[in-house]
Amino acid sequence: IAAYAATRVDNITFAVENRLTGQILLFRPGVLEHTASTLKLDILGTLLTQAQAAGRTLTPSEQSLAVPMIEDSLDSAADILWSRLGPAAVAAFERGAGMTATTPATDGIWGTTTTTALDRLAMIRTVVQPNGLLTNSSRAYMLDLMEHINPAQDWGATGGVPAGVTVALKNGFAVINGWQINTTGWVSGSGRDYLIAVLTDGNPTEAYGIQTVDAISAIVWGSLGS
C-alpha cells in the first residue's frame, strides 16, 4: 500500500484490523483528517445511546432521519440530528467508543470534525463488536443500515470484494482541502473478517479519491486472504 500511495498525489492514512488475528495495520498513523460523512455513524450512535438511556427505541420521526442519513448519506438529516444532539453529546459518545483523537466541529458544520484512521476504526469496532456502549439491538440496527446503502454509495471498502461477502460501510466525501474522500467499514466472508478505515484529502477530483480508496481496499482484501 505504501508503494501504491507513493504513486498518488493525495494524502493518505489508513488503519485495518484483522479480527481473525487481532493484528492492526497502520499507514501514517496520527495524521488528522476531516470526517466528512463518516461522522454520521457517530451521530446515529449518539442518538441510539440516548434512546437506550431512556429505555426506548427510536421514534418514527427519528427513524425517518436515521435511515436516509446512513443509507443515502442525506446531509439534511444529519444537519437536523446534529442540531438536536449537539457536538458535546456526540463527543461524549466518541469518548465512550475509545476515540481519543477526534475533535467535533465547532463551526456548526459536522463534517469538519477532525479524526484519525485509528479513531474511525474504533467507531466501526463499536458497531461490529459487543460492548457496553451500544446494545446488541442498536448495533444490529446500525449494521443493517450500513449493509443496505444506496448503490451510489457502493465504493471504498467494497473495492475488490466479490459478491456474497458481507460489507457494512459508511463513506464520506467533501470539498475541504481539495476533495476529502473517506471509506470506513467491516468486511466479512471468504476467510476474511476485518475492519477498515481509509482517509484521504488533497484529491484533485472526487473520482480520483474514490479510485484511491477502492484500490487500497482491494489490496487489503487480497493481502488478508493470503
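This is a predicted model: local features need pLDDT of at least 70, side-chain atom pairs count only at pLDDT 80 or more; totals for chains, interfaces and linings use all residues.
Visitor: How many residues does H3 have, and what does it reach from its first C-alpha to its last?

Guide: The expected span is 1.5 Å times one less than the number of residues. H3 covers residues 60-71, twelve in total, and its end-to-end C-alpha reach of 16 Å is close to the expected 16 Å.

Visitor: Which residues of H3 are buried?

Guide: Buried means under 20% relative accessible area, exposed over 50%, and partly exposed in between (1.4 Å probe, protein chains only). An α-helix has 3.6 residues a turn, so residues three or four places apart point the same way. In H3, the buried ones are Glu62, Leu65, Ala66, Pro68, Met69, Ile70 and Glu71. Their cover includes helices H2 (40-53), H4 (75-85) and H7 (136-146), plus strand E5 (166-176).

Visitor: Is Pro104 buried or exposed?

Guide: Pro104 counts as buried because its relative accessibility is 16%. You'll find Pro104 in the loop between helix H5 (87-96) and strand E4 (114-115). Contact means heavy atoms within 4.5 Å. Leaving aside residues up to four places away in sequence, Pro104 touches Trp82, Pro87, Ala91, Glu94 and Thr113.

Visitor: In what order do the five strands of the open sheet come?

Guide: Two strands pair if DSSP finds at least two bridges between them. Here the order is E2-E1-E7-E6-E5, with antiparallel pairing. Strand E2 (23-27) and E5 are the edges, each pairing on one side only. Look in the sheet at E1 (residues 11-18) and E7 (residues 192-203): eight bridges join them in the antiparallel sense.

Visitor: Which strands does helix H8 lie across?

Guide: H8 (residues 206-224) lies across E1, E2, E5, E6 (178-189) and E7, at about 155 degrees to E7. For such angles, axes are lines fitted to C-alpha atoms, for helices over the stretch in contact, and angles run from 0 to 180 degrees between N-to-C directions.

Visitor: How many aromatic pairs does a search of the whole structure find?

Guide: Rings of Phe, Tyr and Trp (its six-membered ring) pair if their centres lie within 6.5 Å; planes under 30 degrees apart count as stacked, over 60 as edge-to-face and the rest as tilted. The search turns up two pairs. Phe14 and Phe27 are stacked, because their centres are 5.8 Å apart and their planes are at 20 degrees. That pair links distant parts of the chain, with Phe14 in E1 and Phe27 in E2, 13 residues apart. Phe14 is buried at 7% relative accessible area, and Phe27 is buried at 18%. Phe173 and Trp179 make a tilted pair, with 6.4 Å between centres and 35 degrees between planes.

Terms used: Residues are numbered from 1 along each chain as its sequence is written. Side-chain values use heavy atoms; hydrogens and water are left out. Helices (H or I, at least four residues) and strands (E, at least two) are DSSP runs, numbered from the N terminus.
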